[in-house]
Amino acid sequence: LLLRMATFLALFQLCAFGQGFPSKHINVFVGYAPGATTDLSARALGEGLQKLLGVPVVMENKPGAAAGVAAAMVASRAPDGYTLGVVSTGVIAVRPHITKPPYDPLKDFTLIAQYARYIGALTVRSDSSFNNIGEFIVHAKANPGLSYSSPGLHTQQQLATEVFRQCKGLDFRHVPTKGGAEANSLLLGKHVDFTSGAGQHIQYARQGRMRMLVLFNTDQRDPAFPEVPTMKEIGCQDAPALGYLVIGPQGIPDPIYSKLSEAIRKVVEGPDFQKVMANLEIPYDYKDRQQLEKDVVADFRFYKAFLEKLGVKPE
């Protein structure tokens, strides 16, 4: 009873002082390594929030466990609006089906906003002999064990590659990394045969350094690369796209949540942020809390069934 009263009083105080929010710096835990696409977009968001809110916004990279490390840190903090995280929907929809996290995926977070979604692609170097996905499949069947990099084990990109592998009856060797930047570097450095399309692969494709062979996590071709088919077009199931999420601890009072949500939306819809997104080739896809609470549950159920089919059980 005393604990409940203390919690109630703490929340009451947060609501009462919500009008003065923010009055100090805001910490943002980014679930990926420096230089990754998510990190670069998160830093653009942080810069915009700092200008708009008038307080320092401190970005801290906490890679690991496919953004699960950052998510756990967010979940453990007070719901006062001063701790946020930028992570993938995967920390809620995917990770809990693989390892038991120190948080309840559907109860311990405030879903503030999604500002983009991840789209992957089976991507090779531009000097590769594969001009299309058909040629790649023929080679992969004749040469089992081709290696590929991804932003990490059981990330959206890696799971999409696993869907493709199973669909076509292929055998690959996975080389997980701590983020998209490292995954792309392994391909550019000729340490792997292909990558699962980790963030900046589209930039490299535009520069002529990489070539995409099939798109993951989308049912539409990219107008900028009309020659690249989708998974559906080659007869495969696809893994649903996950998003770039801004989250906070569960229980952020409505007045504080409203200020954060409004500020984030203003920043991500602004020309400076949109320019960064365009330069990074990140597909902008804004969702508010109401839409996210529906979509995240649907994604949670899909990946639960898919991973069970793979024989993956939470450890």
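Predicted model: local features only at pLDDT ≥ 70, side-chain atom pairs only at ≥ 80, totals over all residues.
Residues are numbered from 1 along each chain as its sequence is written, and side-chain values use heavy atoms, with hydrogens and water left out.

Now for the overall build. The chain holds 11 helices and 11 strands, which are DSSP runs (H or I, at least four residues, for helices; E, at least two, for strands) numbered from the N terminus. Along the principal axes, the C-alpha atoms fill a box of roughly 65 × 40 × 30 Å.

Next, look inside. Of the 315 residues, 53% are buried, meaning under 20% relative accessible area with a 1.4 Å probe, protein chains only. The largest nonpolar core has 84 residues, and Leu 45, Tyr 115, Leu 122, Phe 136 and Phe 164 touch the most other members. Such a core is a set of buried Ala, Val, Leu, Ile, Met, Phe, Trp, Tyr and Cys residues joined through side-chain atoms within 4.5 Å. Helix H9 (residues 254-269) gives the most to this core, with 7 residues.

What does Leu 45 contact, leaving aside its neighbours within four places in sequence? Its partners are Val 86, Tyr 115, Val 246, Ile 264, Val 267, Val 268 and Phe 273, with contact meaning heavy atoms within 4.5 Å.

Notes: Buried < 20%, exposed > 50% of the residue type's maximum accessible area, 1.4 Å probe, protein only.
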